[in-house]
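Reader: I am new to this. Please take one part of the structure and walk me through it closely, then show me what else is there.

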Amino acid sequence: MESYFVRKLIFDEKSRSLLIQTLVIGLFALFIYLIAQQTAYNLEKRGISSGFDFLNISAGYDISIRLIPFTSEDTHLRAYFVGLLNTLMIAVCGCFLATIMGFLVGVIRLSSNWLFRNIAYVYVEFTRNVPVLLQIILYYSILLHLPKIKQAIEIFDGFFLTNRGFFTPSPIFKDGFSIVLWSFIVAILASIFIKRILKKKQEQTGKQYPIFYINSALIIFTPILFYYIMGRPLEFDTPVLKGFNFKGGMVIRPEFLGMLFGLSIYTAAFISETVRSGIIAVSKGQREASQALGLKNNLVMRLIVIPQALRVIIPPLTSQYLNLTKNSSLGIAIGYADLVHGFGGISLNQTGRAIEIMLMVMLTYLTISLTISLFMNIYNKSVQFKGNA
Amino acid sequence: MTKIKSLFISLLLTLGVSTAIAGSHGSTHDLVKERGKLMCGSNTGLAGFGAPNDAGVWEGIDVDVCRAVAAAVFGDASKVEYVPTTSKVRFTVLQSGEIDMLSRNTTWTLSRDVDLGLEFVGVNYYDGQGFMVSKDLGVSSAMELDGASVCIQVGTTTEMNLADFFKANGMSYESVPVETNSEADAAYTAGRCDVYTTDASGLYASRAGYPDPSAHVVLPEIVSKEPLGPAVRHGDSEWADIVRWSLNAMIIGEELGITSGNVDEMKSSNNPEVLRLLGVDAGYGAMLGLSDDWAYNILSQVGNYSESFEKHIGPNTPINIQRGLNALYKDGGILYAPPFR
């Protein structure tokens, strides 16, 4: 009986491959375990403390670029969240801007206008082939050479451009503003409903309705109406130059802008190529057929070409989003207080817990990337061919 | 099956070997002698303290400590390889064994001494955190800095002192974190920040490199104690002793009036401490595992503390720092080395 099992393990292909795979996984686990053991041993031998208890110690440093309140008395754990939010902020803003720019440039590169086409071509070839770190530093240095704080340029009333950032008025919401907000949400929901009904009617009667204009008017004018009904429950706090800096208002720091420009301009070049390839991938016959049916050019684009191009565009677009998110760790070069700079840099240095902190930072990036992939995959499925084509 | 077996064996061997390497901890002194040169962690470039000169040769009072140790160990102060480290990586580089010692304007604090597995062996410059502002701001005290933007090097004790100072005085500020000294200079001169704060010595060193040094003023407030000194890894006392006494030899050299110029004449001095220091009375080198002329080599090749100070950062250099706290205890400072006996 025993020998049967042994023989089966060796000669049966399925069992044998199972055995080998188990062995490999086991060895790998052992390898990781031994490395962890050795590291812990070495740390202890050199008298270096380890563990995650440092997360509850007060950080002792300040972070200027932050989305949640943070003072030097807050813990390292809170510093982690401040950094995480800053990383997410630059990633979201960067992806958004890069997508818009990328789609524009991608379409322009296919335009019949010689000048526009070639400007887009030069832009793509230049940004794609220069390391993104250099571009970030370049934009940051340009921003640093904006006027100094005392010579701030006032672009509009209350908007100041300086080398310490872009100062703008900040909104102060008063009682009743939530009703304006709700009216906005209700307007959006109503517009979706209207669109469905009118589409149905169009399918039944063949009559076309100006859905886009109706809904835009609905979404724009409803909140404005309620804004006046509620007695204008919104005020602005304008920044004023007082002492060393502007007081009041909001500020977008040059570190953030440098990162935003660097990352989005760089990534947009890649996205534009993806978009271009997606559009070219839709066969010419499709376009000609739809034109033959009498569709206008913008309808050909919207109804025929773009939906098919998206199938080609989405997968590489996902990897561009991932690249942008990971590249945001370059913020360290210009002092943008992202996860790597604040928690992964300053906290690491103050506490000396290199392994623990780096593990946390790496796992965080992994989680962010996998989440982006997940949502992009869901979206990708929704634009793929339906049915058994 | 044999393939798997051999794979398994080779894997085990690799593991065993790597474990053996990681686990071996020879004494640093032996390691340095075997290698034939000292690996010394230095600043990435701080004029007067540790920076390469026009010819690419490293100079400064921190660099002189490295040279003193090399002179003590090899009898040749030039047998040093400098490893430039940023304030952020310096401790990791030392812990991992990439360098033998760190001499890089590093503040001695309890947590660094105890928690990071380091051993600070002495102080070669008593410093304190200061603030530098442009003269045309018309600021004369750090207490007037409410609301200012402050450039600061990350990963330093200054960062925490800054937070404490502004908090204690009920003032607000915007911190502009930068990675290196030169980035701080760039941000400060571009006007990204009103104030540059770091150890006062660093401010003087930076100011010396600005187009118009006289347009900037270092404010009178010194908000912290920053004893800067060389550090080694914890747990190798023999090596720590060598570095500690190499530094002490320079200080005692000044105390006894021994300079690189008169060191040979001093060998015939009738002061017994001079004779012990210069190895005329034998036996003190052996205690450290060094030759008897180790301190002689330091003083003849590197010079005493005063010579090093005057040459790199003293009033006759562009850095222009007074001795102040760093004068010998008998001259009104707090520089003090234990007796050489």
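Author: Start with helix α2 of chain A: of its 33 residues, the number buried is 0, so α2(A) lies largely in the open. Buried means that 20 or more other C-beta atoms lie within 10 Å of a residue's own; exposed means 12 or fewer, and partly exposed is in between, with C-beta atoms placed from the backbone. Helices here are DSSP runs of H or I with at least four residues, strands are runs of E with at least two, and both are numbered from the N terminus.

This is a predicted model, in which local features need pLDDT of at least 70, side-chain atom pairs count only at pLDDT 80 or more, and totals for chains, interfaces and linings use all residues. Residues are numbered from 1 along each chain as its sequence is written, while chains are lettered from A and ligands numbered from 1 in the order in which they are written.

Back to the helix. α2(A) covers residues 13-45 and reaches 47 Å from its first C-alpha to its last. That is close to the expected 48 Å. The expected span is 1.5 Å times one less than the number of residues. After α2(A) comes G47(A), with a positive phi near 70°.

A positive phi also turns up at R232(A), about 50°, although R232(A) is not a glycine. R232(A) sits in the loop between α7 (211-229) and β5 (234-237) of chain A. It counts as exposed, with 12 C-beta neighbours inside 10 Å. In chain B, N320(B) has a positive phi of about 60° and is not a glycine either. N320(B) lies in the segment after α14 (305-312) of chain B. N320(B) is partly exposed, with 15 other C-beta atoms within 10 Å.

Now the two chains together. 35 residues of chain B are in contact with 33 residues of chain A. Contact means that the C-beta atoms of two residues, placed from the backbone, lie within 7 Å. On the chain B side, the elements that give two or more residues include α1 (2-23), α6 (157-168) and β10 (173-178). That side divides into 14 nonpolar, 11 polar and 10 charged residues. Nonpolar covers Ala, Val, Leu, Ile, Met, Phe, Trp, Tyr, Cys and Pro; charged covers Asp, Glu, Lys and Arg; the others, Gly among them, are polar.

Last, inside chain B. Its assignment gives domain 1 (28-126 + 228-330) and domain 2 (129-224). Such bounds come from an automatic or database domain assignment. The C-alpha centres of these two domains lie 29 Å apart.
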